[in-house]
Amino acid sequence: MAKRGDRVLDLCCGSGDLAFLLSQKVGLDGEVMGVDFSWQQLQTAASRQDQRWKACYKNIKWIEGDALDLPFTDRYFDAVTVGYGLRNVVDKPKAMREILRVLKPGSRASVLDFNKSSSFFTASLQSWAINNVVVPLASSYGLTEEYKYLKSSIAQYLTGEELEKLAKEAGFSSAKHYELGGGLMGNLVATR
């Protein structure tokens with residue numbers, strides 16, 4: 001999706017994991033903008049950036065912003081990623097329209113998140129993993145409250161089919177949802 005020299009947006013970037021990967025992909029000639037509404041998360045990302053040694057990480061800028069009102073001109077980015085963030089946005093249709101607005105024609109957005117599976121087995125496995133692995137592991141780092149909401153937020157999230165429909169209604173020319181990790185995760189790829 002992103003290639004050397006591209007300008008890429010990592011929306012709902014959190015502590016910057018995807019932004020760091022994108023930075024390596026676009027190289028020194030490219031730019032990565034990490035946008036999040038949480039100043040605290042952006043400070044963590046900036047601190048991590050300072051602690052890392054790769055020269056390409058200098059191409060990352062951290063910006064406090066709202067997914068529903070992005071501070072960029074139309075057709076500004078070659079690619080947009082959202083990792084585990086759209087699920088938490090209050091107005092998903094508006095966020096998708098904003099992503100479309102800032103993408104250049106022919107460019108793609110990739111929205112990675114937990115998958116809301118229609119399979120009873122996959123949903124049960126996901127619920128078990130959250131209760132018995134994710135939340136206990138987060139608790140050991142003092143992050144119980146930050147992860148306790150996962151099951152309910154996944155239950156309220158959109159299915160892959162609903163995400164495809166959302167992207168097309170926002171104006172994307174094509175949208176395809178891919179199940180990953182045995183259906184536990186999902187990635188929506190939408191083309192402007």
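Colleague: Which residues are in contact with phenylalanine 172, leaving aside its neighbours within four places in sequence?
Modeller: In this predicted model, Phe172 is listed with those that have the most contacts inside the largest nonpolar core. Leaving aside neighbours within four places in sequence, and taking contact as heavy atoms within 4.5 Å, the residues that phenylalanine 172 touches are Met96, Ile99, Leu100, Leu103, Ala109, Ala167, Ala190, Thr191 and Arg192.

Colleague: Which element gives the largest share of the largest nonpolar core?
Modeller: The largest nonpolar core has 31 residues, and Leu9, Leu11, Val80, Leu86, Met96 and Ile99 are among those with the most contacts inside it. The elements that give two or more residues to this core are β1, β2, β4, α3, β5, α7 and β7. With 5 residues, the largest share of this core comes from α3.

Colleague: What covers the buried residues of α3?
Modeller: Within α3, the residues that count as buried are Lys92, Ala95, Met96, Glu98, Ile99, Leu100 and Val102. The cover over these buried residues includes β1, β4, β5, α7 and β7.

Colleague: Which residue caps the N-terminal end of α3?
Modeller: The backbone nitrogen of lysine 94 lies 3.1 Å from a side-chain oxygen of the capping residue. That side-chain oxygen belongs to aspartate 91.

Colleague: Which residues form a nonpolar patch on the surface, with about 440 Å² of accessible area together?
Modeller: One member of the patch, tryptophan 128, has its place in helix α4, which spans residues 120-140. Together, the residues that form this nonpolar surface patch are Phe121, Leu125, Trp128 and Val133.

Conventions. Residues numbered from 1 in each chain as written. Predicted model: local features only at pLDDT ≥ 70, side-chain atom pairs only at ≥ 80, totals over all residues. Heavy atoms only, no water. Patch = residues over 30% accessible without salt bridge, like charges linked within 9 Å, V, L, I, M, F, W, Y side chains within 5 Å. Areas by Shrake-Rupley, 256 points an atom, 1.4 Å probe, with all protein chains shown as cover. Salt bridge = Lys/Arg side-chain N within 4 Å of Asp/Glu carboxyl O. Helix = DSSP H or I, 4+ residues; strand = E, 2+ residues; numbered from the N terminus. Core = buried A, V, L, I, M, F, W, Y, C linked by side-chain atoms within 4.5 Å. Buried < 20%, exposed > 50% of the residue type's maximum accessible area, 1.4 Å probe, protein only. Polar contact = N/O pair within 3.5 Å; in protein donor to acceptor, adjacent residues only side chain to side chain.
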